[in-house]
Every structure is written in structure tokens, then in C-alpha cells.
Amino acid sequence: MKRTLVAAVVIMAAAGLSFADGGADCATAPTINIPGDLPYVDSGTTCGKVDTYDDACGSSYGGGEDAMYLLNVTVPGSYAFALSGTATYTGFFVSDGCPDTTPACTGSATSGGGDPSTVITFPAAGTYYLQIDTWPSPDCTAFDLSIEEPFQFTYTI
């Protein structure tokens, strides 16, 4: 039994999958290296992490419990972010600093039906924070986070 579990973890790690589950605040936020850790996949929850940060890029979706990730962007550019398996009224927000320092909003997505997604463009290399949050009703949600380089089509004549 132990070997099977270890083999599954090794296979998932080799496939670029992770199980960090976002931190309750900026100090406990796990780091995602972009693009080094891509494609990145993580399952987690905001439940039990309290409502640490209310200002989510000026959105009303900052009233629920938060899950935080630190994004270490080494190559500026556009990256696809998606949440799936969420409750209704869920959003995510990327800023150039921890939300308690009134940072600039880099990008965000919200959805009344749940499962928001968007492409976020990072203008420069540096440290950013990803905040996953809810309206506050529901007060919290489970989520599956994925971050990847978006498909780019090039056409040459």
C-alpha cells in the first residue's frame, strides 16, 4: 500500500501537479514559480482560512474566506488562470503586493455561476499575490486551480 501511494505522488509530481492548498494569508502563501512550475494544478479550499483580506482589486468578491498564493514571476507575459469545482460567486485576484498594502491590481476574474477563468498579463518580473475569495455568500469554497501558458497560434505567410 505504501509503495502505491508513493508511486502516485511521484507520478503526479513528475506531471507538474501540486498539492499546496493556498495559505490563509500572505505570510503562509505557498510559492508558484511562473513559468517554471507550469502547468500548475492544485486542489484546495478557502474554508477555515478566515476573511483576512477584504479589498480584492476593488471587487465586492472579497468578503469571504481567502486562500493566498505567492506568484514568483520570472518571465513577464500572459498566463491562463482558471478555477473549477467552485461554489457560486467565486473570484480570484492578482496584485503586485499583499492585499494589506493597497497594491495595484494586475488582473482578476469573478463569476456568479462559479469557475472563473481569464488570461492575466504580468508587465514585469517580480512578486505578485493570487487571492481566491467569495462574495461572501457563500462564505467559502473548494477549488481546483490551474495556471498554464495560454495556447498561442502563430500564422506565417
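Visitor: What counts as a helix or a strand here?

Guide: Helices (H or I, at least four residues) and strands (E, at least two) are DSSP runs, numbered from the N terminus. This is a predicted model in which local features need pLDDT of at least 70 and side-chain atom pairs count only at pLDDT 80 or more, while totals for chains, interfaces and linings use all residues. Residues are numbered from 1 along each chain as its sequence is written, and side-chain values use heavy atoms, leaving out hydrogens and water.

Visitor: How many helices and strands are in the protein chain?

Guide: The protein chain has one helix and nine strands. Read from the N terminus, the order is α-β-β-β-β-β-β-β-β-β. Of its 157 residues, 38% are buried (under 20% relative accessible area; exposed is over 50% and partly exposed in between, with a 1.4 Å probe and protein chains only).

Visitor: Which residues have the most contacts inside the largest nonpolar core?

Guide: They are I34, L71, F81, F122, L130, L145 and I147, in a core of 22 residues. Such a core is a set of buried Ala, Val, Leu, Ile, Met, Phe, Trp, Tyr and Cys residues joined through side-chain atoms within 4.5 Å. Strand 3 gives the most to this core, with four residues. Apart from it lies another core of seven residues, including C26, Y53, M68 and L70.

Visitor: What does I147 touch?

Guide: Not counting residues up to four places away in sequence, I147 is in contact (heavy atoms within 4.5 Å) with I32, I34, L38, P39, Y40, L71, Y79, A80 and F81. I147 belongs to strand 9, and it counts as buried because its relative accessibility is 1%. Its C-alpha atom is separated by 9.0 Å from that of D37, 110 residues apart along the chain.

Visitor: Changing topic, how many salt bridges does the structure hold?

Guide: It holds one. A salt bridge is a side-chain nitrogen of Lys or Arg within 4 Å of a carboxyl oxygen of Asp or Glu. K49 pairs with D21, the closest N and O atoms being 3.0 Å apart. The two partners come from distant parts of the chain, 28 residues apart: K49 from the loop between strand 2 and strand 3, D21 from the loop between helix 1 (2-14) and strand 1.

Visitor: Is K49 buried or exposed?

Guide: K49 is buried, because its relative accessible area is 10%. D21, at 28% relative accessibility, counts as partly exposed.

Visitor: Where is D66 found?

Guide: D66 is in the loop between strand 2 (40-45) and strand 3 (67-73).

Visitor: Which peptide bonds are cis?

Guide: One joins I34 and P35, with omega about 10°. Another runs from S137 to P138, with omega near 15°. P35 lies in the loop between strand 1 and strand 2, and P138 in the loop between strand 8 and strand 9.

Visitor: What is the phi of C57?

Guide: C57 has a positive phi of about 55° although it is not a glycine. Most residues other than glycine have a negative phi. C57 is in the loop between strand 2 and strand 3. D115 also has a positive phi, near 55°, and lies in the loop between strand 6 (105-111) and strand 7.
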